[in-house]
Amino acid sequence: MASGVGEHQQAEVEAGTLLVASPTLTDPNFARSVVFVIDHRPAGTLGVVLNRPSEVSVGDVLPGWDPHTTSPNAVFVGGPVEQRTALCLAALRTGEDPASTGGVVGVRGPVALVDLDGDPDDLAPRVRGLRVFAGYSGWDRGQLDGEIGRGDWYVVPALPDDVLAPAGYDLWGGVLRRQGVPLALLATHVTEPRRN
């Protein structure tokens, strides 16, 4: 761990924050991942990995939603839990209130969880973008606290556009860079040090 990173003041885990994998987290499900926290309670935490597009098109599994999803129109791998379950996050347009928008449940600010059983054509004019995830990431009571305490995750604020990051964008590095020093320095960490 780089000097000073351990003392970095982290945000509190809550809905709408990000869990950014530390460079030392090597679990293949989470290496260099950015997890958007959808729900956090004493009983556990649920989120989705934002930066793992799959080879599966949204059109192959949810054809009605495909024209409304943000490019790439891929289903993203939200995590290792229940990968046959689809979740959808949306960033609502400015002025749209999740509490008064049908078919969504607000997470934080303009980011909302979408009811995929609803009518995509009704919701589409009210959102800036949508992303579909297969599966999710989940932690039982105390499990995430233990991983954060071990240094596996950095807890940082999210921006609404993080849930719609374009293909090819290094979301992991981008989120770390905007945190300032010392976390910004971790964005230069290479996956294979021998290639440095």
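The side chains of R150 and D152 form a salt bridge, with an N to O distance of 2.4 Å; the term denotes a side-chain nitrogen of Lys or Arg within 4 Å of a carboxyl oxygen of Asp or Glu. R150 is exposed at 57% relative accessibility, whereas D152 is buried at 9%. Here buried means under 20% relative accessible area, exposed over 50%, and partly exposed in between (1.4 Å probe, protein chains only).

The model is predicted: local features need pLDDT of at least 70, side-chain atom pairs count only at pLDDT 80 or more, and totals for chains, interfaces and linings use all residues. Residues are numbered from 1 along each chain as its sequence is written, and side-chain values use heavy atoms, with hydrogens and water left out.

| Salt bridge | N to O distance |
|---|---|
| R150 and D152 | 2.4 Å |
| R178 and D162 | 2.6 Å |
| R126 and E96 | 2.9 Å |

Helices (H or I, at least four residues) and strands (E, at least two) are DSSP runs, numbered from the N terminus. Both partners are partly exposed, R126 at 28% and E96 at 25%.

The side chains of R178 and D162 also meet in a salt bridge. R178 occupies the loop between α4 (171-177) and α5 (183-186), and D162 the loop between β10 (153-157) and α4, so this pair links parts 16 residues apart in sequence. R178 is partly exposed at 34% relative accessibility, while D162 is buried at 5%.
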